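Hello,

Here is the structure I promised to pass on. Please open it first, then read my notes below.

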Amino acid sequence: MKNINELYDCNYDCLIKDIKTNSKEIEPGDMFVCVKGVKVDRHEYINDAIKRGCSCLIVEKGDNYDVPFIKVKDANNELAVISKKFYGYNDSLKMIGITGTDGKTTTSLTIRDMLVDCGYIGTNGVKGNVFELGTNNTTPDINLLYKYLSIFEDEGLKYASIETSSEGLLHNRVNGISFDIGVLTNISEDHLNVHKTLSNYIDSKLKLFKIIKEDGYAILNKDDRFFDKFKENCKCNVFSYGKDNKSDLRIVNFIEKDNSTEISFSYKDVLYEVESSLRGEYNVYNLMAAISVLICLGFSIEDAIERVKYIKQAEGRCEVFNVNNFKVVLDYAHTENGLRSILSYLNNIKKNRVITITGSAGGREKEKRHGMGKVVQELSDLVIYTMDDPRYEKVIDIINDMKQDDKDNYIIIENREEAITKAFEIAEENDIILVAGKGRDTYMAIEDRKEKYCDLDVINKLIEKY
């Protein structure tokens with residue numbers, strides 16, 4: 001807690017418990033910052049914040065409020081400035097930002113595991129040394145970001161591995177932060193319901209690479225079709241990885257196994273080999289990105305390879321469960337590229353059938369559904385189409401956008417738990433059941449509600465039965 005006169009040169013004397021931008025989250029003693037979004041102006045909720053007990057306001061307009069207030073030119077920019085000062089973040093952490101369509105979570109967590117004294121902020125929550133909690137957004141608002149970073153400092157960590165989503169970058173959730181390293185995993189179409197065009201989506205991703213320190217590094221996927229566009233927007237050092245012969249760290253070969261992947265790669269014309277618990281070609285790229293981060297941070301290549309053994313399985317990402325004579329794979333894949341990646345790996349190791357359970361989110365870009373359905377029906381022996389956060393759309397309408405009627409290898413079971421149960425009932429020896437789309441999400445978005453639901457809970461319950 002801090003007094004407002006510790007933060008501003010003013011005559012007010014009130015204690016600030018925390019900083020909030022959502023009036024519904026206000027608790028007595030909180031500061032309410034009236035930021036402006038694309039659709040929402042928090043000035044409209046000042047009365048609600050005061051009723052809930054806020055101690056003071058940061059505003060851009062108005063001169064008559066019932067609580068102390070500080071008037072500023074730009075509340076959004078002020079939020080970053082005041083949050084850093086309030087939480088006491090001292091810029092001691094090496095900041096690593098990871099962006100891309102697929103692979104952000106696995107890459108970010110892999111970097112965290114390999115660096116050891118590293119905090120993580122992303123889709124899977126906030127993970128410090130001891131401190132841990134969930135998050136509502138992949139990239140939290142800047143006030144929360146500074147709050148978590150200051151906790152990492154207090155815990156004695158040296159690095160922070162942060163998923164920087166396109167929406168987080170679009171809405172300036174990393175305002176004021178300078179990154180030491182930025183990583184691009186890949187680019188394919190996603191979140192176009194927000195960005196409207198692929199060009200806008202890419203522009204949001206590019207924001208990360210424009211706030212990397214000049215002596216920092218942009219680590220780019222050389223095989224991605226937008227590599228050149230990202231490279232030309234970097235004013236820092238550029239380090240590349242991929243299969244391309246001109247990559248700084250070049251993937252030479254890899255062998256996929258049931259429980260691991262053997263990888264050969266070259267760096268400075270020397271061939272190295274490493275075995276990773278991460279599975280699939282897409283995870284070869286994720287691991288090479290992580291190794292590239294360590295190289296750019298000054299670690300020797302030998303040390304980086306040694307640290308691969310520290311990598312833990314990312315929750316909800318190619319998470320494998322053995323059930324008597326078949327396997328179940330839980331994965332967050334919810335894009336055409338993500339589904340192709342996980343299914344390509346499963347087809348390479350399968351001994352019998354691949355049964356895929358999938359759907360697509362309602363209220364999101366319909367354009368990607370056809371491509372998702374085409375991929376799952378081409379690369380699965382059987383597809384069970386089901387619900388996946390339908391919101392205000394009818395589940396059957398979403399499924400009709402996905403299913404490919406030129407192939408008859410699908411059935412429809414709208415209730416997701418019943419769909420997973422059906423897969424268990426029909427599974428044969430050596431089958432692989434892929435439960436795709438939600439990972440370890442703990443809710444199902446139906447209309448404006450978030451109803452309690454988790455694929456993992458359903459899987460665990462069925463495992464006990466079988």
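**The sheet**

Ile 98 stands opposite Glu 163 in strand E11. Five bridges join strand E7 (residues 94–99) to E11 (residues 159–163), and these two strands run parallel. Strands pair if DSSP finds at least two bridges between them. Strands (E, at least two residues) and helices (H or I, at least four) are DSSP runs, numbered from the N terminus.

This is a predicted model: local features need pLDDT of at least 70, side-chain atom pairs count only at pLDDT 80 or more, and totals for chains, interfaces and linings use all residues. Residues are numbered from 1 along each chain as its sequence is written, and side-chain values use heavy atoms, without hydrogens and water.

The open sheet has 11 strands with mixed pairing, in the order E10-E9-E8-E11-E7-E12-E13-E14-E15-E16-E17. Its edge strands are E10 (132–133) and E17 (270–276), and each pairs on one side only.

**The helices**

Helix H8 (residues 198–209) lies across E7, E12 (179–184) and E13 (212–221). Contact means heavy atoms within 4.5 Å. H8 runs at about 145° to E12. Angles run from 0 to 180 degrees between N-to-C directions, with axes fitted to C-alpha atoms, for helices over the stretch in contact.

Helix H10 (residues 281–296) is mostly covered: 15 of its 16 residues are buried (under 20% relative accessible area, 1.4 Å probe, protein chains only). Just after H10, Gly 298 takes a positive phi of about 105°.

Helices H15 (residues 416–426) and H16 (residues 455–465) pack at about 35°, with axes 10 Å apart.

Best wishes

Key
Buried < 20%, exposed > 50% of the residue type's maximum accessible area, 1.4 Å probe, protein only.
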